[in-house]
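Here is my note on the structure, point by point. Please keep the sequence and the 3D view open as you read.

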Amino acid sequence: MMRIVLFLATNFAILLVASVTLSLLGIGTTDGAGGINLTGMLIFCALFGFGGAFVSLFLSKWMAKRGTGARVIETPQNRQEQWLVDTVAQLAKQANIGMPEVAIFPSRAPNAFATGWNRNASLVAVSEGMLQRFSPNEVKAVMAHEIGHVANGDMVTLTLIQGVVNTFVMFFARIIGSFVDRVIFKNESGGIGFGYIIATIFAEIILGILASLIVMWFSRQREFRADAAAAQLAGAGNMIAALEHLRAEQGIPIEMPGEMVAFGINGNLKNGLAGLLMTHPPLEQRIAALRAGNFR
């Protein structure tokens, strides 16, 4: 979903810019005696690793609105918008969370997202394509899925995991950079060298890609939990119908917007390395999990 892609992209950008800037300034690298101050470096990496993650979290609603062109429904303009707001209000009450902002975003692809740093101050949005082609029960189930993400605190948990991952990516990248600078470039002065800067940047990129596998694994697990929440709030049959409708529409390869593939909805990206980078499990697995569970 859009919330995950925007969160990861912004978080990575913040982390990389902060890392490069501070490395050029010589902050958080080595001590004056020519060795590595591991304790200080770990604290430094934790501060900026978690900092980048939480900045992304607090900006998540703004990023989602800007990135999707979502229009928040302040005053419903028609019966469909009124129904959508009333449906979200009912689901939020059932889930015991505050009323989210409700939005519609322009996209032919059937899609929806939820985001926000606080379960009582969130945003849920649905695409125009989904509203046009999905039945009311299917839309309600999808909205229940998004409410499930909010009620489960998925964005905060994702932020904490991303913060831990960021910390260790920055930490080990600096150890690798220091090793390359001293062993390969023979810099024994204790100051920051060109080899350190280049090696650290490349190590952060590579380690960041590897670390994203952990974040993507968690993202796939949270989708199963949100599906279970939707089954409880709107009925397992309705959620299964919505997922089957999504599966039926994923076979429009050219006209389908790129986010369908990027967000892991397309079942073709389920094998090998591509499967490890999916934010969502294959629809077949999600449907099977709902059918095997006792959510009715």
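1. Start with the contacts across the whole protein. Among contacts with a separation of 6 or more, 72% join residues 24 or more positions apart. Contact means heavy atoms within 4.5 Å. Keep in mind that this is a predicted model, where local features need pLDDT of at least 70, side-chain atom pairs count only at pLDDT 80 or more, and totals for chains, interfaces and linings use all residues. Residues are numbered from 1 along each chain as its sequence is written, and side-chain values use heavy atoms, with hydrogens and water left out.

2. Next, the inventory. The protein has 12 helices and 4 strands. Helices (H or I, at least four residues) and strands (E, at least two) are DSSP runs, numbered from the N terminus. The protein has 296 residues, and 50% of them count as buried. Buried means under 20% relative accessible area, exposed over 50%, and partly exposed in between (1.4 Å probe, protein chains only).

3. Now the inside. In soluble globular proteins, nonpolar side chains tend to be buried together. The largest nonpolar core here has 37 residues. A nonpolar core is a set of buried Ala, Val, Leu, Ile, Met, Phe, Trp, Tyr and Cys residues joined through side-chain atoms within 4.5 Å. Which members touch the most others? They are Leu-84, Met-143 and Ile-147. Helix H6 (residues 136–151) gives this core its largest share, 7 residues. Another core, of 8 residues, lies apart from it and includes Ala-64, Ala-103, Phe-105 and Phe-113.

4. Look at Met-143. Leave aside neighbours within four places in sequence. Met-143 then contacts Leu-84, Val-88, Leu-91, Ala-112, Ala-125 and Val-126.

5. Ile-147 lies in helix H6. Is Ile-147 buried or exposed? Its relative accessibility is 0%, so Ile-147 counts as buried. Beyond four places in sequence, Ile-147 contacts Val-88, Leu-91, Ala-92, Ala-95, Ile-97, Pro-100, Val-124 and Leu-233. Take Val-124: Ile-147 is 23 residues from Val-124 in sequence, and their C-alpha atoms are 7.5 Å apart.

6. On to helix packing. Two packed helices are described by the angle between their axes and the distance between the axes. Axes are lines fitted to C-alpha atoms, for helices over the stretch in contact, and angles run from 0 to 180 degrees between N-to-C directions. Angles under 35 degrees count as roughly parallel, over 145 as roughly antiparallel, 65 to 115 as roughly perpendicular and the rest as oblique.

7. Helix H7 (residues 154–184) packs against helix H8 (residues 194–234) at about 155°, with axes 7 Å apart. H7 and H8 are therefore roughly antiparallel. The contact of H7 with H8 holds 18 nonpolar, 7 polar and 6 charged residues. Ala, Val, Leu, Ile, Met, Phe, Trp, Tyr, Cys and Pro count as nonpolar, Asp, Glu, Lys and Arg as charged, and the others, Gly among them, as polar.

8. Gly-208 is part of helix H8. Its relative accessibility is 19%, so Gly-208 counts as buried. Gly-208 touches Val-169 and Ala-203, not counting residues up to four places away in sequence. Gly-208 is also 40 residues from Phe-168 in sequence, with 9.5 Å between their C-alpha atoms.

9. H8 also meets helix H9 (residues 236–249). Their axes come within 7 Å and cross at roughly 130°. H8 and H9 are therefore oblique to each other. H8 supplies Asp-227, Ala-230, Ala-231 and Ala-234, while H9 supplies Ala-236, Asn-238, Met-239 and Leu-243.

10. What is the angle between H6 and H9? These helices pack at about 100°, with their axes 8 Å apart. H6 is therefore roughly perpendicular to H9. The contact uses Asn-137, Glu-138, Ala-141, Val-142 and His-145 of H6, and Asn-238, Met-239, Ala-241, Ala-242 and His-245 of H9. By class, that contact has 5 nonpolar, 4 polar and 1 charged residues.

11. Finally, two loop residues. Most residues other than glycine have a negative phi. Asn-96 has a positive phi, near 65°. Asn-96 sits in the loop between helix H4 (79–95) and strand S2 (101–105). At 62% relative accessibility, Asn-96 counts as exposed. Asn-118 is in the loop between strand S3 (112–115) and strand S4 (123–127). At 23% relative accessibility, Asn-118 counts as partly exposed.
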